[in-house]
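These are my notebook entries on one protein structure. I set down what I looked up, entry by entry.

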Amino acid sequence: MKMIFLGPPGAGKGTYASRLTPILETPHISTGNIVRDEIKAQTELGKTIREYSDKGELVPDEIIIKLLAKTLRKPDYERGFILDGFPRTIKQAEALDKISKIDLVINLNVPDEIIIKRLSNRLTCEKCGTIYNKLTLKPKKDNICDECGGQLYQREDDKPEVIQERLNVYKKKTEPLIEYYRKKDLLKNVHCNDLMTPPEVIVEKIKLMINSVKNTSRS
Ligand code: ADP
Ligand code: ZN
């Protein structure tokens with residue numbers, strides 16, 4: 001199954017995808033993680049990318065499309081994937097259409113107030129990328145990753161002055177994708193209106209949707 005998780009920054013795309021990956025045996029591709037790895041590796045490309053990402057702006061389409069296309073060529077993704085953070089513009093969606101057939105797009109609907117609260121309290125593991133939250137998803141030990149013992153940090157783009165900019169970019173550039181995939185009849189909506197809803201509840205909803213699509217495509 002080839003899936004896209006769509007939704008504003010902080011909607012939970014990464015959190016849900018990483019929980020669904022082992023259950024569905026479908027790998028998770030996060031372009032945010034690809035971007036952060038490139039920055040960490042301090043390559044020339046990484047330096048260019050950083051200038052956009054630290055400010056909450058999108059990396060130019062040409063760059064991100066090339067990175068994604070390179071990833072999708074790996075045999076690991078032949079049978080399926082959960083794409084998180086891509087596409088983010090119509091141009092990227094059109095490029096993806098040429099690379100791969102998509103079976104389902106899950107659109108996560110979350111109000112702005114929740115997003116702002118979530119992102120400003122989000123902590124990320126510097127080693128493995130696992131996501132925590134100071135209010136709702138605390139690590140067992142302060143600032144230490146439960147999974148790998150790595151140090152937790154606040155992402156540059158999770159600072160309050162950058163969060164509003166990311167929401168603006170989402171509304172202007174990414175939101176039109178909802179209509180793009182609705183027209184293709186691939187879109188399913190999931191709603192989360194409460195900050196304290198545990199991830200498992202949403203994961204369960206998404207799982208049911210995926211199964212219903214799987215069953216219809218078989219019959
Ligand atoms: P979020 O938590 O906002 O969903 P991500 O971790 O997905 O953030 O992405 C972090 C940053 O990486 C983005 O703000 C952007 O600069 C860059 N990035 C990731 N994916 C894309 C993409 N598909 N197109 C352009 N830029 C991207
Ligand atoms: Zn970790």
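I began with a term: a residue is buried under 20% relative accessible area, exposed over 50% and partly exposed in between, with a 1.4 Å probe and protein chains only. I noted that this is a predicted model, in which local features need pLDDT of at least 70, side-chain atom pairs count only at pLDDT 80 or more, and totals for chains, interfaces and linings use all residues. Residues are numbered from 1 along each chain as its sequence is written, chains are lettered from A and ligands numbered from 1 in the order in which they are written, and side-chain values use heavy atoms, with hydrogens and water left out.

**Entry 1**

I looked up E25 and found it exposed, with a relative accessible area of 71%. E25 sits in the loop between α1 (13–24) and β2 (28–30); helices (H or I, at least four residues) and strands (E, at least two) are DSSP runs, numbered from the N terminus. Phi of E25 is near 55°, a positive value in a residue other than glycine. I then turned to N143, which has a positive phi of about 65° although it is not a glycine. N143 belongs to the loop between β6 (131–133) and β7 (152–153) and, at 36% relative accessibility, counts as partly exposed.

I also recorded the peptide bond from F86 to P87, which is cis, with omega near -5°. P87 is placed in the loop between β3 and α5. For background, most residues other than glycine have a negative phi, and most peptide bonds are trans.

Which residues come nearest to ligand 1? Of the 19 residues around it, they are T31, E57, G85, Q92 and R166; a residue counts as near if one of its heavy atoms lies within 4 Å. By class, this shell has six nonpolar, five polar and eight charged residues. Here Ala, Val, Leu, Ile, Met, Phe, Trp, Tyr, Cys and Pro count as nonpolar, Asp, Glu, Lys and Arg as charged, and the others, Gly among them, as polar. Helix α2 (residues 31–40) gives the largest share of the shell, four residues.

I listed polar contacts next (pairs of N or O atoms within 3.5 Å; within protein, one must be able to donate a hydrogen and the other to accept it, and residues adjacent in sequence count only if both atoms are side-chain atoms). An N or O atom in the side chain of R36 is 2.9 Å from an oxygen atom of ligand 1. A nitrogen atom of ligand 1 lies 3.1 Å from a polar side-chain atom of R88, and a nitrogen atom of ligand 1 is 2.9 Å from an N or O atom in the side chain of Q92. The protein covers 96% of the 550 Å² of accessible area that ligand 1 has on its own; such areas come from the Shrake-Rupley method with a 1.4 Å probe, and for residues only the protein chains shown count as cover.

I looked again at T31, which lies in helix α2. T31 counts as buried because its relative accessibility is 4%. Not counting residues up to four places away in sequence, T31 touches I64, L68, D84, G85, F86 and R88, where contact means heavy atoms within 4.5 Å.

**Entry 1: the nonpolar cores**

A nonpolar core is a set of buried Ala, Val, Leu, Ile, Met, Phe, Trp, Tyr and Cys residues joined through side-chain atoms within 4.5 Å. The largest has 28 residues, of which I29, L83, L96, V105 and Y181 touch the most other members. α4 gives the most to this core, with six residues. Apart from it lies another core, of 27 residues, among them M3, F5, V110 and I114.

Is N107 buried or exposed? N107 is buried, with a relative accessible area of 2%, and is found in strand β4 (residues 104–109).

K55 is partly exposed, with a relative accessible area of 49%, in the loop between α3 (44–53) and α4. Leaving aside neighbours within four places in sequence, K55 is in contact with V162 and E165.

D146 is in the loop between β6 and β7. The side chain of D146 reaches the backbone nitrogen of K140 at 2.8 Å.
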